[in-house]
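This briefing sets out selected features of the structure shown below.

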Amino acid sequence: MWTLAPKCLRFTAGMRGKKRVKGSLVTVKNVEKNFGDFHVLKNISLEIKKGEFFSLLGPSGCGKTTLLRIIAGFEDPTSGAVFLDDRNVIPIPANKRPVNTVFQTYALFPHLTIFENVAFPLRLRKVTNNIVKDKVQEFLELVKLPKEGKKLPSQLSGGQKQRVAIARALINEPSVLLLDEPLSALDAKLRQHMLIELDAIHDKIGITFIYVTHDQQEALSVSDRVAVMNEGEVVQIGTPFEIYESPQTPFIAHFIGETNFIKGKVTEILNEKRAMVEFPDLGSSLTVYQDKSLIKGDNVKLTIRPEKIRISTEKPEGLDEKWNVLQGKVDELIYSGFQTKFFIEIGPKRTMFRVFKQHVKFFTDEKAINWKDNVYIWWHNNDGYIVEVEAL
Amino acid sequence: MKKNYGPFYVAPVTVWLACFFVIPISIIVYYSFLTKGINGGVIHKLSLDAFRALYNPTIFQITINTFQVAILATVIMVSFAIPASYFMARSRFKNFFLLLVIIPFWTNFLIRIYAWMAILGNNGIFNNILLSTGIINNHIQFLYNTNAVILVTIYTYLPFAILPLYSTIEKFDFSLLEAARDLGATKWKAMASILLPNIRGGITTAVLFTFIPAFGSYAIPQIIGGTNSYMLGNVIARELTVTRNWPLASSISMVLTVFTTLGVLLFMRFNRSATESARGQKQKTVAAGAKA
Amino acid sequence: MKKLSKPNQPNQKWAGKKTGKFSLGMFSLVICFLYMPLIILVVYSFNESRMMNWGGFSLRWYEELFFSSGSLWQSFGNSAMIAVTSATVSTLIGTLGAIGLYWYNFRFRKAIQLTAFLPMLIPEIIIGVSLLIFFAGLKFQLSLFTIFLAHTTFNIPFVLLVVMARLEEFDFTIIEAAYDLGAREFQALLKVILPTAFPGIMSGFLIAVTLSLEDFVITFFVSGPGSSTLPLHIYSMIRFGVSPVINALSVIVIAGTVVLAVLSRNVVKLVFQQNR
């Protein structure tokens, strides 16, 4: 689906070393924002490193755009401060902050040509014509639109408008680039393409990028680090890998990707890493991986990603005790080309389990699983994750 | 964050309208509580004379007449305008038809009134034709009565009813009518139960656009009407310029304003869900008038 | 329920034609009603006879209109002058107001907006009467200047409305983008706000010119001796001594309206297309 590997993986492949690290260190300190009685942001503190591609991810209304607008200078926080390097920028108006924004709606000036749109910040500073010409051309080339300068915004496609908006935001050479859901108006294919290009531009320019999105795949695929926000709070900050693989709350597990939740009660602590949990909804007990110090009698919530679960009509052979095996019935299946999503009914309460099967082999080479089939599903208990503990 | 420049932008409008709208209107209110001067004007002594003078059978009769003219004209205009704008909105030539409606709308209003004098006057075309064909022997007085006032009011403000209705109906999804027919509604039933509720905003605007000027009419009854078809506007003008009873002119102005405002408010309340769209509608209508 | 038994029939009946005979009939009636008087004026403007019976074709009323109606043309000159000046001032004030009311939030914004639209909802005669009393109270000599003040007053709400309608089509973000890219308030106004609102400003100006040329009632109250406008002149022609010159004048006015309507439609269209 998304061809980009998470950046943290490429990081290990040594790509980071080539990147020029420029831009500013952005520190958000105890920022609160109230609109009347409504607390949009509740005591947000963040530190965004120089040259980092940082994402603010969350559902709509979580406050991520407000936070971005505070950094840009379009809004004042009710309390708290934003520092660029060591300077508090809250008193500095938007037009004087070394920060530029790529808007969700592009916000290209409809009466100006592409060239003049990009040249706008230079014209304001009364830069001489020759320099303007060269510089605008340079940035139009950066966004791969070297020949569109004479057109009007209305003559460009959505993707092209987005590139112009990026060029225009970068021409002032800001130390931080803010991107407010820049790809949300594009269709899925184009979005993926632009994402790759954004990443390339970031690698080339090397300044700090702060990227706001509600799309977890966008955030996971390009970011160095992601801050997941919900209801005005930052709930987790981490690399895409950490966010996806070890979500700290059910909200994150639910919001990032698809997942299964089951509620259970700890019946026995087997050792430091394993505990026995009884799941009444499933009508069975399973061995569960734990890194949180569980106590016998705790109520817990277990999450397992659907793609980590295997499925077959035949009982799997030769599995050791680290594997959890359940038996159920196919309630629904959705074939979508590269994978099939199964909804499996399990246990006395007919709990639904989602299982994604990737079609690594040619579809018909495997034994087909059909609607109403009885199936076995199993997963390694390292892949299950306790996201919520309620002490006895 | 940047400074809020809103007040700076709005200052000129505020100052201008305060000077030439709010203050003059307040003066009318104030004057209506004053005593009239002997040679016109006012004496700055509070009194309710001007309001007492309203208890007067003549003024009462004129108020009734004003309502009658405005309501009748509005009802006729809107009931013609709905089917006519429906036809325009569904036609292939809608832009041309729109232009056709806008041209008389933009033609000078006194010239349009005069045209009816040329047609209906004692020496007008109508009388000439009737006389020359021998249908009548003496000319008939068509003008200078309430019916003539209603007719010319309709003629003058009909485009005001058509334009907002047209722009609403144009946005209406006509497949809803087909869906209604498909589900078994008759043609008229579909219109009444699907089209009309969905163009309520346009109807509201059309009613307001026609009722307000018709109710505050001055020139039409002055030119086309007789002494029996006086409207409130004429009384105000008479009190102001001829009788020079300024407090009375002011109090009648207040009555006119209050009735207009009440009418507008009542109608909007009655049609509440539609009022939201009325403002936008008005903008679009004015904009359409500009574009056309 | 009966319809279900013959499912195709109703479909065929109404699928072909979109509108019925009734609405066509009403529309035709409306158009005849609107145009009949105008056509009669045009025809009779070429009438030799002074009366409304046909006395043969003649251009004498046009001759009289163009060569011996000095005061009429003077009134027209006054009208034109007032129209242009009041439209310019009201466009300036209305545009700034629209920007402020539409894109900013501040105390009393709602109250100001409501007040600004009120002059459109109040009967004209009230505005005329109140201004007359106001000017009299200030001992202002009624003149072309008072007419200019009155026209600007009733034009402002219309300009406001049209410009706000235009602003509605734009995102506030283009202004934020201007600030973001380093523009100061005045630069943003000059380089971004005014150019994008230009088609609306232009429509507002045209509407203001038309309303001003057209106005009779308010002008009637605030005009003084020697400050006649074209509508006032027409009024006195109608009331005191109808002469067929007015037929000729009507034809010129109607023709002017048609030309203006078509022209401004195209001009606005052109500007709109360029800026989209």
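In chain A of this predicted model, four strands form an open sheet in the order β2-β1-β4-β5, with antiparallel pairing. Strands here are DSSP runs of E of at least two residues, and helices are runs of H or I of at least four, both numbered from the N terminus; two strands pair if DSSP finds at least two bridges between them. The edge strands, each pairing on one side only, are β2 (38-48) and β5 (87-88) of chain A.

Residues are numbered from 1 along each chain as its sequence is written, while chains are lettered from A and ligands numbered from 1 in the order in which they are written. Local features of this predicted model need pLDDT of at least 70 and side-chain atom pairs count only at pLDDT 80 or more, whereas totals for chains, interfaces and linings use all residues.

**Strand pairs in chain A**
- Strand β1 (residues 26-35) of chain A runs antiparallel to β2(A), and 7 bridges join them; A:Lys33 has A:Leu41 in β2(A) as its bridge partner.
- Strand β16 (residues 323-335) of chain A is joined by 7 bridges to strand β17 (residues 339-346) of chain A, again antiparallel, and A:Glu332 stands opposite A:Phe343 in β17(A).
- The hairpin of β16(A) and β17(A) has 3 residues between the strands, and A:Gly337 takes a positive phi near 80 degrees there.
- β17(A) is also joined by 8 bridges to strand β18 (residues 351-358) of chain A, with the two running antiparallel; A:Thr340 stands opposite A:Lys357 in β18(A).
- The hairpin of β17(A) and β18(A) has 4 residues between the strands, and A:Gly347 in the turn has a positive phi of about 80 degrees.

**Chain A and its domains**
- Chain A has 9 helices and 20 strands, and its C-alpha atoms fill a box of roughly 75 × 50 × 40 Å along the principal axes.
- Of its 392 residues, 39% count as buried (20 or more other C-beta atoms, placed from the backbone, within 10 Å of the residue's own).
- An automatic or database domain assignment divides chain A into domain 1 (7-250) and domain 2 (258-390).
- The C-alpha centres of domain 1 and domain 2 of chain A lie 39 Å apart; their contact (C-beta atoms, placed from the backbone, within 7 Å) takes 4 residues from domain 1 and 6 residues from domain 2.

- Chain B contains 14 helices and 2 strands, and its C-alpha trace spans about 85 × 70 × 35 Å along the principal axes.
- Buried residues make up 49% of the 292 residues in chain B.
- In the contact between the two chains, 81 residues of chain B meet 82 residues of chain C.
- Helix α1 (residues 6-31) of chain B provides the largest share of the chain B side, 18 residues.

**Helix α8 of chain C**
- Helix α8 (residues 144-168) of chain C has 25 residues and reaches 36 Å from its first C-alpha to its last, close to the 36 Å expected at 1.5 Å a residue (1.5 Å times one less than the number of residues).
- α8(C) bends by about 30 degrees at C:Asn155, and the proline C:Pro157 follows within four residues; the bend is the angle between axes fitted to the seven residues ending there and the seven starting there.
- α8(C) is mostly covered, with 21 of its 25 residues buried.

Notes. Buried ≥ 20, exposed ≤ 12 C-beta atoms within 10 Å, placed from the backbone.
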